[in-house]
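The sequence and the structure come before the details.

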Amino acid sequence: QVQLVESGGGSVQAGGSLRLSCTISVSFGNDYCMGWFRQTPGKEREGVAGIDSSGETSYADSVKERFTISVDNVKNTMYLQMNNLKSEDPALYYCAVGGFRPARVVVAVNGANAFGYWGQGTQVPVSS
């Protein structure tokens, strides 16, 4: 059974940085797409950043130049480095993994529908 466990969330001031981790219970394999999503109350889950097994990455416009997604295949872990956090970034952040799809799927409309395995979410509050 595939399990994803997020960690790294926590309170941070605007302008600060956090690194989220998502450890997956099985090996990524050679064909995958993984992503980070976030959700706030009353809103749809939106794709923040994605990465696929070809090495392609994708980012939502709102986080470009501030967030970086990466994977460590040896540790079966995906990361999201978040820098210069802003007041619009607080949300419950989720990681997700699925079979191969282009990374851009993560940030496309309804991108969350493409993923079958999800973590439990980690809260990222940002104080001004």
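A salt bridge is counted here when a side-chain nitrogen of Lys or Arg lies within 4 Å of a carboxyl oxygen of Asp or Glu. The model is a predicted one.

## Salt bridges

R66 and D89 form a salt bridge in which the closest N and O atoms are 2.7 Å apart. Because R66 belongs to the loop between β6 and β7 whereas D89 belongs to the loop between β8 and β9, this pair ties together parts that are 23 residues apart in sequence. R66 is buried, with a relative accessible area of 6%, and D89 also counts as buried, at 0% relative accessibility.

D89 takes part in a further salt bridge, with the side chain of R38, at an N to O distance of 3.0 Å. Through shared partners, salt bridges join R38, E46, R66 and D89 into one network.

The whole structure holds 4 salt bridges, and one of them has another setting: K64 is bridged to D61, with the closest N and O atoms 3.1 Å apart. Here K64 counts as partly exposed, at 42% relative accessibility, and D61 is exposed, with a relative accessible area of 66%.

## Strand β4 and its partners

Of the 7 residues of β4, 6 are buried, so this strand is largely enclosed by the rest of the structure. β4 pairs in the antiparallel sense with strand β5 (residues 46–52), over 6 bridges, and W36 stands opposite A49 of β5. The hairpin made by β4 and β5 has 6 residues between the strands, and in this hairpin G42 takes a positive phi near 85 degrees.

β4 is also joined to β9, by 7 bridges, and these two strands run antiparallel. Within this pairing, C33 has G98 of β9 as its bridge partner.

## Aromatic rings

A pair of aromatic rings is described by the distance of the centres and the angle of the planes. By the ring-pair criterion the count comes to 4 aromatic pairs. The ring centres of F37 and W118 are 4.9 Å apart and the planes stand at 55 degrees, so this pair is tilted. F37 lies in strand β4 and W118 in strand β10 (residues 117–118), and the pair therefore ties together parts that are 81 residues apart in sequence. F37 is buried, with a relative accessible area of 0%, whereas W118 counts as partly exposed, at 25% relative accessibility.

W118 also pairs with F115 in an edge-to-face arrangement, with 6.5 Å from centre to centre and 75 degrees between the planes. F115 counts as buried, at 7% relative accessibility. Ring pairs link F37, Y94, F115 and W118 into a cluster.

## The open sheet

An open sheet of 4 strands has the order β1-β3-β8-β7, and its pairing is antiparallel. β1 (4–7) and β7 (67–72) stand at the edges with a single partner strand each, so one side of each is left without a neighbour in the sheet. From one strand to the next, the twist averages 15 degrees.

β7 is joined by 6 bridges to strand β8 (residues 77–82), and the two run antiparallel. In this pairing I69 stands opposite L80 of β8.

S58 has its place in strand β6 (residues 57–59). Is the residue buried or exposed? With a relative accessible area of 8%, S58 is buried, because the limit for that class is under 20%.

A polar atom of the S58 side chain lies 2.6 Å from the backbone oxygen of A103. When neighbours within four places in sequence are left aside, S58 is in contact with V48, A49, G50, A103, R104, V106 and V107.

Methods:
Residues are numbered from 1 along each chain as its sequence is written. This is a predicted model: local features need pLDDT of at least 70, side-chain atom pairs count only at pLDDT 80 or more; totals for chains, interfaces and linings use all residues. Side-chain values use heavy atoms; hydrogens and water are left out. Buried means under 20% relative accessible area, exposed over 50%, partly exposed in between (1.4 Å probe, protein chains only). A polar contact is a pair of N or O atoms within 3.5 Å; within protein, one must be able to donate a hydrogen and the other to accept it, and residues adjacent in sequence count only if both atoms are side-chain atoms. Contact means heavy atoms within 4.5 Å. Two strands pair if DSSP finds at least two bridges between them. Axes are lines fitted to C-alpha atoms, for helices over the stretch in contact, and angles run from 0 to 180 degrees between N-to-C directions. Rings of Phe, Tyr and Trp (its six-membered ring) pair if their centres lie within 6.5 Å; planes under 30 degrees apart count as stacked, over 60 as edge-to-face and the rest as tilted.
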